[in-house]
Amino acid sequence: MPRANEAWESLMKAYAVLMKQFNAEDVWGELTMREYDVLYQLSKCDSPLRMSELNRHVLLSQPALSRMVDRLADRGLVDRCPDPGDRRGVRLSLTPAGRETQRAIGRPHARSVARALSVLTPQELDQLAAITGKLAGNEER
């Protein structure tokens with residue numbers, strides 16, 4: 001048990017250090033890091049997502065995500081369209097302005113991530129991806 005707790009604390013410390021570093025960078029423009037994350041998650045999708053699908057990929061509660069999507073839609077960055085399979089539901093996608101905003105922020109942010117992780121060897125990066133993927137349930141256990 002102590003080994004698991006030590007590993008957990010190490011993971012959380014690394015996460016906190018990196019997130020503070022990324023948050024302090026002057027790349028976010030008019031967005032918060034969390035708003036950018038919503039745009040980023042939507043940018044990875046080929047088709048519009050339901051709110052519940054988007055919620056699986058962000059660190060926000062459903063009500064907080066709904067409010068954030070409202071703000072992003074009001075700013076013309078996210079589009080809502082009716083869900084053909086559920087009259088009460090909506091599907092979310094990026095507007096052209098949202099896609100451009102995501103790309104404009106994403107390029108310098110990706111460079112920041114690469115710089116921050118440059119302390120790891122290619123093998124360590126592969127190990128990190130495998131371990132975190134396993135913890136996130138993206139890999140068979």
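Reader: Helices (H or I, at least four residues) and strands (E, at least two) are DSSP runs, numbered from the N terminus. With that settled, which helix gives the most to the lining of the largest pocket?

Author: Helix α1 does, with 7 residues in that lining. A pocket is found on a 1 Å grid over the protein atoms alone, as an open set of points where a 1.4 Å probe fits, with protein on both sides within 12 Å along at least five of seven lines, and its lining residues have an atom within 4 Å of a point.

Reader: Before we go on, what kind of model is this?

Author: It is a predicted model, in which local features need pLDDT of at least 70 and side-chain atom pairs count only at pLDDT 80 or more, while totals for chains, interfaces and linings use all residues. Residues are numbered from 1 along each chain as its sequence is written, and side-chain values use heavy atoms, leaving out hydrogens and water.

Reader: Which residues lie nearest the centre of the largest pocket?

Author: Y15, M19, D37, L59 and T132 do, out of 35 lining residues. Two or more lining residues come from each of α1 (2–24), α2 (33–43), α5 (96–116) and α6 (122–135).

Reader: And what lines the second largest pocket?

Author: Its lining consists of A7, L11, L120, E124, Q127, L128, I131, T132 and L135. Here α1 and α6 are the elements that give two or more residues, and α6 has the largest share, 6 residues.

Reader: Is L11 buried, partly exposed or exposed?

Author: L11, in helix α1, counts as partly exposed at 30% relative accessibility. Buried means under 20% relative accessible area and exposed means over 50%, with partly exposed in between (1.4 Å probe, protein chains only).

Reader: Why is α2 described as largely enclosed by the rest of the structure?

Author: Because 8 of its 11 residues are buried. The buried residues of α2 are M33, E35, Y36, V38, L39, Q41, L42 and S43.

Reader: E35 is charged. What does E35 form a salt bridge with?

Author: Its partner is R71, and the closest N and O atoms of the two are 3.9 Å apart. This pair links distant parts of the chain, since R71 sits in helix α4 (residues 62–74) and E35 in helix α2, 36 residues apart. A salt bridge here is a side-chain nitrogen of Lys or Arg within 4 Å of a carboxyl oxygen of Asp or Glu. E35 counts as buried at 5% relative accessibility, whereas R71 counts as partly exposed at 40%.

Reader: How many salt bridges does a search of the whole structure find?

Author: The search finds 8. One of them joins D70 and R80, with the closest N and O atoms 2.1 Å apart. D70 lies in helix α4 and R80 in strand β2 (residues 78–83), so the pair ties together parts that are 10 residues apart in sequence. D70 is partly exposed at 34% relative accessibility, and R80 is partly exposed at 37%.
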